[in-house]
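Me: I would like to learn how to read the features of a protein model, one at a time. Could you take me through this one slowly?

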Amino acid sequence: MVGNITHQQIASFFLVGIPGLENVHCWIGISVCLLFVLTLLGNSIIIATIKLEPSLHQPMYFFLCMLAMNDMCLSSSAALKMLGIFWFDAHWINFDACLTQMYFIHTLCIMESAILVAMAFDRFVAICIPLHYASILTTSMVIKLGLVGLMRCVLMVLPCPILIKRLPYYTKYVISHTYCEHMAVVKLASANTLINRAYGISVALSVITMDLGLIATSYVKILQSVFRLSSQNARSKALGTCAAHVCTILVSYIPALFSFLSHRIGKKVPPSVHIIFASMYLLVPSAVNPVVYGVKTKQIRDRVIDLFFTHKKFSEK
């Protein structure tokens, strides 16, 4: 009779939020909300500015539009549920909804990395082979690069929810996180998860090594070309066009790298720290990127100021 015991598959997960900081969830929610609003506002301004200004209809700014749209989608995928947890105690999430959130978050993260690689390639062509820039980075090439990046992330992440759907979930349903992160969901399964763990780690490592390798290669070539220039002014101008992209790379990869290493090396790091950095990785770059490009890119900065001043003049009239 004991052998005939049946288990019922759980229908929902319970997202804790940030363990140990439940008393300040309301205040953390304010920070999340501010970052979310800044993400939507800043990226919307970037997209509108590029659309309205014909002189910005160039490959570099098309990639920036892709990054802005990706950032808004990524932030929306994570922030809305976080606000539900922090402000309304909406901790429960349906099994399929959890897998959907997980899929979109990880897909958009990989897409973000692909866009950064495309932007590095854009800077490489512009600085190293400027005479061929217009013939290489045509509008069709920009679209193709975007589609290749999209197909890569869609296909790489797709096996994750499929493999999870095959796992039995009987007893564990509490996810100590602010969103449905892949490994956090896998750990709750009532079966061997070696394949899931191996695939998840292989995807993360392949994306990091491939994309960072391509970005590093581009910038090595860029620096070689820049140092060949005889004029100091020309060197500064060439490097200045890369400043915003380098800042975006640092903002995007440093929290991700810290989160990845702390999970595997920092055994004494409190779980709340892991979760805070994982959440920052999703929210902070998306909010900071439009600020970085608005400050560092003269064409965008001047156009935004011009739009506001024009609006102010019309208001005074």
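Reply: Let us begin with the strands, where β1 is joined by 3 bridges to strand β2 (residues 92-94), and the two run antiparallel. Strands here are DSSP runs (E, at least two residues), helices are DSSP runs of H or I with at least four residues, and both are numbered from the N terminus; two strands pair if DSSP finds at least two bridges between them. This is a predicted model, in which local features need pLDDT of at least 70 and side-chain atom pairs count only at pLDDT 80 or more, while totals for chains, interfaces and linings use all residues. Residues are numbered from 1 along each chain as its sequence is written, and side-chain values use heavy atoms, with hydrogens and water left out.

Me: How should I read a salt bridge, and how many does the structure hold?

Reply: Side chains of opposite charge can pair when their charged atoms come close. The term is used for a side-chain nitrogen of Lys or Arg within 4 Å of a carboxyl oxygen of Asp or Glu, and the structure holds 4 salt bridges. One of them joins aspartate 96 to lysine 165, with the closest N and O atoms 3.0 Å apart. Because aspartate 96 lies in helix α3 (residues 95-128) and lysine 165 in helix α6 (residues 159-165), this pair ties together parts that are 69 residues apart in sequence.

Me: Which salt bridge does arginine 152 form, and is arginine 152 buried or exposed?

Reply: Arginine 152 forms a salt bridge with aspartate 211, where the closest N and O atoms are 2.9 Å apart. Arginine 152 lies in helix α5 (residues 139-157) and aspartate 211 in helix α8 (residues 194-228), so the pair ties together parts that are 59 residues apart in sequence. Both arginine 152 and aspartate 211 are buried, a word that stands for under 20% relative accessible area, with exposed meaning over 50% and partly exposed in between (1.4 Å probe, protein chains only). By contrast, aspartate 96 counts as partly exposed because its relative accessibility is 41%, and lysine 165 counts as partly exposed at 47%.

Me: What is a cavity, and which residues line the largest cavity?

Reply: On a 1 Å grid over the protein atoms alone, a cavity is a set of points where a 1.4 Å probe fits but cannot get out, and lining residues have an atom within 4 Å of a point. Grid points are joined across faces, edges and corners, and the volume is the space filled by probe spheres set on the points. The structure holds 2 cavities of 30 Å³ or more, and about 50 Å³ of space lies in the largest cavity. Its lining is made by Met60, Phe63, Met119, Asp122, Arg123, Thr241, His245 and Tyr293, and the largest share, 3 residues, comes from α3. Two of these lining residues, arginine 123 and aspartate 122, form a salt bridge with the closest N and O atoms 2.8 Å apart, and both are buried.

How values were computed
On a 1 Å grid over the protein atoms alone, a cavity is a set of points where a 1.4 Å probe fits but cannot get out, and a pocket is an open set with protein on both sides within 12 Å along at least five of seven lines; lining residues have an atom within 4 Å of a point.
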